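My notes follow in the order I looked things up.

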Amino acid sequence: MTIPYGRQSISEDDIEAVIDILRSDFLTQGPAVPAFERHLAEYCGARHGVAVNSATSALHIACLALGVGPGDLVWTSPISFVASANCALYCGADVDFVDIDADSRNMDMQVLRAKLKKAEAEGRLPQVVIPVHMCGQSCDMKTLSDLSRIYGFRIIEDASHAVGGRYLGQPVGNCTFSDITVFSFHPVKIITSAEGGMAITNEPMLAEKMAQLRSHGITRDKEQMRSSSPGEWYYEQNSLGYNYRMTELQAALGLSQAARLDEFVARRHEIADQYDTALAHLPLILPKRTEDAYSSLHLYVIRVDRTRGAADRATVFSRLRADGIGVQVHYFPIHLQPYYADRGFKAGQFPAAEKYYADAISIPMYPTLEWPEQKRVVQALERALIP
Ligand SMILES: *Cc1c(COP(=O)(O)O)cnc(C)c1O
């Protein structure tokens, strides 16, 4: 039986919560979505949550709410899922990337600082920067926030990996150092709503805009209407929105899962501790946990160290797969995707990202992974790494 790199953990309570919705009056647009939004915003110590059908949708409406449009520029990390960059293109803006730091695998703040200086001289500064908390470990948000004040850009945290993580002792998502934070609830992430995402913010105007954009640009709130309401049937469309709504079924599952969020993350730390010890003797670069962050440990990415005599990544990867270990690679650098190459990006532009990608492998990491399975992963790696 193959051990996957990640999987959901569904309890009887989760199942009951979804069944309760099926027996209730509302399958969509009922009380579960706002309850999930309140719960997660409160958990993060933030004011507003806007739940949507995916983190991709959340990134899109977050960009729109911040006014991203044609002629604008958005910067993100090349080591991320493609959605981190696509969201800017949806708005008609351009995308560029900031190379990563080899240790944290997050956006490199020194590289960012230099790139901003150059962009300012060239008169082409980004309107929005989207840092990605790779594997659940927060970026250096304080430095990023300082830079945003100097150069006048807004910040959307792509925290798809990082719900339940902390930065400088505060929950990721409290938006102290950003305008909006986005979470994903895809089943491989930390908590799941099957599909789903949420945008968190402290700014009421941004929350209101995003809430309208997720539902056709429509408002039923009289305060938000341009003309006076002729009756209870009346609603107004004020902007061009979408149907990005989360269902009640998804919200009930997400809310039920959120009750175990801290437990899930703590369990991931136990598993990471065990890997740290059990893999220490192998020619691998193991993930470092930075001091300013408590990672949610969405992924455990090892790097094959060829300088210490390991076989190459492709060989190690295919041997692990053949051995029933469902490894994956996170991520193929976005700028090297054919679609982005068509837009003019080239190999060699973001060398740290490309170097990281060349020997990265994500090994199994999820709360119900037990020690006998972990031992199978370790033993398979011992065999797979032999040149
Ligand atoms: C998963 C993921 C997304 C997209 O999430 P969906 O909910 O599947 O749309 C975006 N960014 C990152 C970094 C992700 O890992």
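I started with Gln-137. Leaving out residues up to four places away in sequence, I found that Gln-137 touches Ser-104, Asn-106, Lys-288, Arg-289, Thr-290, Ala-293 and Ser-295. I note for the record that this is a predicted model. Gln-137 sits in the loop between β5 and α6. Buried or exposed? I looked up Gln-137 and got 5% relative accessibility, which counts as buried.

Next I checked backbone angles. Most residues other than glycine have a negative phi, and most peptide bonds are trans. Arg-105 has a positive phi of about 65°, although it is not a glycine. I placed Arg-105 in the loop between β4 and α5. Arg-105 is buried, with a relative accessible area of 4%.

Leu-168 also has a positive phi, near 50°, and is a residue other than glycine. I found Leu-168 in the loop between β7 (166-167) and β8 (170-171). Leu-168 counts as partly exposed, at 44% relative accessibility.

**A cis bond**

I then went through the peptide bonds. The one from His-330 to Tyr-331 is cis, with omega near 5°. Tyr-331 belongs to the loop between β16 and α11 (338-342).

**Gly-326**

I stayed with β16. Gly-326 lies in this strand, residues 325-326. Its relative accessible area is 12%, so Gly-326 is buried. Which residues does Gly-326 touch, not counting those up to four places away in sequence? I listed Thr-2, Ile-3, Pro-4, Tyr-5 and Arg-321. I also took one distance. The C-alpha atoms of Gly-326 and Thr-181 are separated by 30 Å, and the two residues are 145 apart along the chain.

**Helix α1**

I looked at which side of α1 faces in. In this helix (residues 12-22), Asp-14, Ala-17 and Ile-21 are buried. Down the axis of α1, the buried residues fall within an arc of 60°, so they line one face of the helix. The face turned away from that buried side carries the exposed residues Glu-12 and Leu-22. I asked what covers the buried residues of α1. The cover includes α2 (32-44) and α8 (248-258).

**Helices α5 and α6**

Two packed helices are described by the angle between their axes and the distance between the axes. For α5 (residues 109-122) and α6 (residues 141-151) I noted an angle of about 5° and axes 11 Å apart. That makes α5 roughly parallel to α6. On the α5 side, the contact is made by Met-109, Leu-112, Arg-113, Leu-116, Lys-117 and Glu-120. On the α6 side, I have Thr-143, Leu-144, Leu-147 and Tyr-151. The residues of this contact divide into six nonpolar, one polar and three charged.

**Cores**

Last, I went to the nonpolar cores. The largest has 48 residues, and Phe-97, Ile-130, Ile-156, Ile-180, Val-182 and Met-210 touch the most other members. Elements that each supply at least two residues of this core include β2 (48-52), β9 (180-184), α7 (204-213) and α12 (351-359). Which element gives the largest share of this core? I found α3, with seven residues.

I followed up Val-182. Leaving aside its neighbours within four places in sequence, Val-182 is in contact with residues including Ala-55, Ala-58, Leu-59, Ala-62, Ile-156, Met-198 and Ala-199. Another core lies apart from the largest one. This other core has 32 residues, among them Ile-271, Leu-279, Val-316 and Ala-380.

Conventions
Residues are numbered from 1 along each chain as its sequence is written. This is a predicted model: local features need pLDDT of at least 70, side-chain atom pairs count only at pLDDT 80 or more; totals for chains, interfaces and linings use all residues. Side-chain values use heavy atoms; hydrogens and water are left out. Axes are lines fitted to C-alpha atoms, for helices over the stretch in contact, and angles run from 0 to 180 degrees between N-to-C directions. Helices (H or I, at least four residues) and strands (E, at least two) are DSSP runs, numbered from the N terminus. Angles under 35 degrees count as roughly parallel, over 145 as roughly antiparallel, 65 to 115 as roughly perpendicular and the rest as oblique. Contact means heavy atoms within 4.5 Å. Ala, Val, Leu, Ile, Met, Phe, Trp, Tyr, Cys and Pro count as nonpolar, Asp, Glu, Lys and Arg as charged, and the others, Gly among them, as polar. A nonpolar core is a set of buried Ala, Val, Leu, Ile, Met, Phe, Trp, Tyr and Cys residues joined through side-chain atoms within 4.5 Å. Buried means under 20% relative accessible area, exposed over 50%, partly exposed in between (1.4 Å probe, protein chains only). The arc is that of the directions from the helix axis to the C-beta atoms.
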